[in-house]
Amino acid sequence: MDSNNIGIRTITARLATDKPVRKTPYQVKGVIMKTFPDEEIVPMLNGQYRDRFLYPRVQVKILNEQIYLVGVKEGVDPILSVVEKMKDLDFGNITFEVLDSENELHDDHFQPISRLIRYRFITPWVALNQTTGGRYRFLPNAPERVHFLNRLLGQNLVFLAREMDIDLGENLFTKVALKSLFPKPVDENGWGAFTGEFRTNFLLPNYMGIGNGITRGYGAVFGLFNPDMFQFNKKEMEKSLNQIKKDTGTKIKIGVVLPLTGKLALTGQKVLQGIQLAVNQLPFQARANFSLEVRDSGYQLPINEIVTDLSELPNV
C-alpha cells in the first residue's frame, strides 16, 4: 500500500520561549492573528477558510507548556512566514519572548504505507460526538465497543486522506489500544474522549490532530517509531542481550536519558522513537527480558543527578 511521490508537505514548528506557556490554543491563536493581521495564516486560524478546508490546515498545540504550530499542505508556508518574523507574543498580562524556533519539514510524512506504525494520543482523542456517543453507550460488550472505535478511527483517517486528495481504497488498517473503554466527557458538547494508543498503516506527522475538537488541541498524535528513519542490526542486538542475560540471570533495565521537553525536544523524541523501534522489532521473548528506564533531561535538573538516579536502580 505504499504510495510513492504523493508529496504532501507538512511542518511542525516548536517555539522556544523565555518562560513556560500556560495558555490555551485559542488564546495563542488570538495573539498570532493580532500580531500578524496581514499574514495568510489569519484566515487559516479564524475559520474564514472553513468552506475551503474541512480539515484545518494550521493547528496550534500547547504541549509541555510549549507552543507547537502544525501545518499540512496549504498551511505550511503561512506557518513558515510568521515563525521567521515572530519575536514575542504579547497577551496583555504577560509577554513571551520567542528565543528560537525548531521547524520539522517533510514531504513524505502523510501517506499510506505497507507496514504498521504505533501512535500514542498525547492529548485526548475525542472520538464520540452526540450521535456516535449515544450508539456507543448502547453497545453490549467490550469487543463490540473496540470494533466501533476502530471503525471511527478509520473514518477519521479516511476523512484526512480525502481532504488531501489521497484515495485509500479498502486497504486501511486500524487497531486501538485504549487505557479505558469508558469515555471521558468533554465540555458541554456531549463529546466523549479516550486516551491510549493505536496502530495503523498510515504515516502521520507528529502532533497532527484527528477526531473532534482539533482546533482546541484534541487528538494530537505522536508516532512511537518511524520505520523508515532508523537503521539497526537486529542480530547483533539479540546477541548482546542474550549475553547480558546469561551473565546476570535477571531482567535487564536499560537507562535512556534524552531531552524530551525543552529546546531539543524534537531531536530527543526522534532518538527515543529509534530506540523503541529497535525494541519492538525484537522477538517477544527477547523483549520480555529487559525494559527501558527513560528520563527527561529537558528540565533544569542537572544531568549528573539524572544519571546517578538511574544508576542506583537495580539492574540498570
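## The chain as a whole

Among contacts in the protein chain (heavy atoms within 4.5 Å) between residues at least 6 apart in sequence, 73% join residues at least 24 apart. This is a predicted model, in which local features need pLDDT of at least 70 and side-chain atom pairs count only at pLDDT 80 or more, while totals for chains, interfaces and linings use all residues. Residues are numbered from 1 along each chain as its sequence is written, and side-chain values use heavy atoms, with hydrogens and water left out.

The protein chain holds nine helices and 14 strands. Both are DSSP runs numbered from the N terminus: helices are H or I with at least four residues, and strands are E with at least two. Of its 316 residues, 47% count as buried. Here buried means under 20% relative accessible area, exposed means over 50%, and partly exposed lies in between, with a 1.4 Å probe and protein chains only.

## A four-stranded sheet

Let's start with an open sheet of four strands, in the order β8-β11-β6-β12, where the pairing is antiparallel. The edges are β8 (174–178) and β12; each has a single partner strand, so one side of each is left without a neighbour in the sheet. From one strand to the next, the twist averages 35 degrees. Axes are lines fitted to C-alpha atoms, for helices over the stretch in contact, and angles run from 0 to 180 degrees between N-to-C directions.

Strands of a sheet pair through backbone hydrogen bonds, either parallel or antiparallel. Two strands count as paired if DSSP finds at least two bridges between them. Strand β6 (residues 111–121) and β11 are joined by six bridges in the antiparallel sense, and I117 stands opposite T200 in β11.

## A three-stranded sheet

Another open sheet has three strands in the order β7-β10-β9, again with antiparallel pairing. Its edge strands are β7 (125–128) and β9 (184–186), and each of these pairs on one side only. Direction ignored, neighbouring strands of this sheet are turned by 50 degrees against each other on average.

Between β7 and strand β10 (residues 191–194), which run antiparallel, there are three bridges.

Helix α5 (residues 142–163) is a handy landmark for both sheets. It lies across β7 and β10, running at about 110 degrees to β7. Helix α5 also lies across β6, β8 and β11, at about 125 degrees to β8.

Helix α4 (residues 130–137) packs with α5 at an angle of about 160 degrees, and their axes are 10 Å apart. That makes α4 roughly antiparallel to α5, a label used for angles over 145 degrees, whereas those under 35 count as roughly parallel, 65 to 115 as roughly perpendicular and the rest as oblique. The contact involves T132, R135, Y136 and R137 of α4, together with R145, F148, L149, R151 and L152 of α5. These residues divide into four nonpolar, one polar and four charged. In this scheme Ala, Val, Leu, Ile, Met, Phe, Trp, Tyr, Cys and Pro are nonpolar, Asp, Glu, Lys and Arg are charged, and the others, Gly among them, are polar.

## An enclosed helix

Helix α3 (residues 76–83) is largely enclosed by the rest of the structure, because six of its eight residues are buried. Those buried residues are V76, P78, I79, S81, V82 and V83. Their cover includes β1 (10–17), α2 (41–45), β2 (58–63), β3 (66–72) and β5 (95–106).

N206 is buried, at 16% relative accessible area, whereas N212 is partly exposed at 23%. Not counting residues up to four places away in sequence, N206 touches T12, V221, F222, G223 and Q273. With neighbours within four places left aside, N212 is in contact with V126, A127, L128, N129, W191 and Y218. The C-alpha atoms of N212 and V126 are separated by 5.2 Å, although these residues are 86 apart along the chain.

Finally, T267 lies in helix α7 (residues 265–280). T267 counts as partly exposed, at 44% relative accessibility. From C-alpha to C-alpha, T267 and E104 are 10.0 Å apart in space, and they are 163 residues apart in sequence.
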